[in-house]
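This report describes one protein model for a reader who has not seen it before. Please look through the sequence and structure below before reading on.

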Amino acid sequence: MSDRAFGREVGGAFQHAARFCVNPTRAVAGASPERAEGLVRPVPAERERPWQEFDDDGPPAPDTPDLTVLVVDDDPDVLNLIAVVLRRDGLGVVTASSGAQAVAAYRAGIGFALIDIFMPVQDGPQTLTALRRLCPQLRAAFVSGSPEALAPSEVRALGASAVIRKPFPSLDAFVAEVRALATR
């Protein structure tokens, strides 16, 4: 998928996506291996590319997702980025831009909630408390640029399994962490 198509898919947020991922998987064309430091990586030769090329519509979606994730974040760029990345990995995604929307959007079949800690009106801990009234066994994790905002004991007391730090180390690592937390 081209960068332009990816940008359209995440609602024009591609330019802003870099701030949420400190180790992008896209490489800079023409970079030499000697200069491949930090965020710059050489582009692999055609035969060495580890990803599969798809048309502008992205990879084919699975018939049925193996897990449905409720993603709650008041920042539309972050919300869209997370939704696209999780869907590409075959997960079902339900999105909400506020705690009240998350409670209204909750339905049977959602197996995991990924909730931003800092949101206006109803913050992440309040949202998780409301969701757990609907489904006491709902698995959840928080996402935050300030993961130290909640002590580990507070996170556990609320029923969440972790706080995932933004920016993400890589999108692949983020998806792997979400899958691991959702299936514990």
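What covers the buried residues of H7? The cover includes H3, strand E3 (112–116), strand E4 (139–144) and strand E5 (163–165). Helices (H or I, at least four residues) and strands (E, at least two) are DSSP runs, numbered from the N terminus. Buried means under 20% relative accessible area, exposed over 50%, and partly exposed in between, with a 1.4 Å probe and protein chains only.

The model is predicted: local features need pLDDT of at least 70, side-chain atom pairs count only at pLDDT 80 or more, and totals for chains, interfaces and linings use all residues. Residues are numbered from 1 along each chain as its sequence is written, and side-chain values use heavy atoms, with hydrogens and water left out.

The protein has seven helices and five strands. From the N terminus on, the order of elements is α-α-β-α-β-α-β-α-β-α-β-α. Of its 184 residues, 40% count as buried. Among contacts (heavy atoms within 4.5 Å) with a separation of 6 or more, residues 24 or more positions apart account for 60%.

The buried residues of H7 are Leu171, Phe174, Val175, Val178, Leu181 and Ala182. They cover an arc of only 130 degrees around the axis, which puts them on the same side of H7; the arc is that of the directions from the helix axis to the C-beta atoms.

The axes of helix H3 (residues 76–88) and helix H7 (residues 171–182) come within 10 Å and cross at roughly 75 degrees. H3 is therefore roughly perpendicular to H7, a term for angles of 65 to 115 degrees. Axes are lines fitted to C-alpha atoms, for helices over the stretch in contact, and angles run from 0 to 180 degrees between N-to-C directions. In this pair, Leu81, Ile82, Val85 and Leu86 in H3 meet Leu171, Phe174, Val175 and Val178 in H7. By class, the contact of H3 with H7 has eight nonpolar, no polar and no charged residues.

Phe168 and Val143 are 25 residues apart in sequence and 9.7 Å apart in space, C-alpha to C-alpha. Pro167 lies in the loop between E5 and H7, and a cis peptide bond joins Lys166 and Pro167, with omega about 0 degrees. Val121 has a phi near 65 degrees, a positive value in a residue other than glycine.

Note on methods
Angles under 35 degrees count as roughly parallel, over 145 as roughly antiparallel, 65 to 115 as roughly perpendicular and the rest as oblique. Ala, Val, Leu, Ile, Met, Phe, Trp, Tyr, Cys and Pro count as nonpolar, Asp, Glu, Lys and Arg as charged, and the others, Gly among them, as polar.
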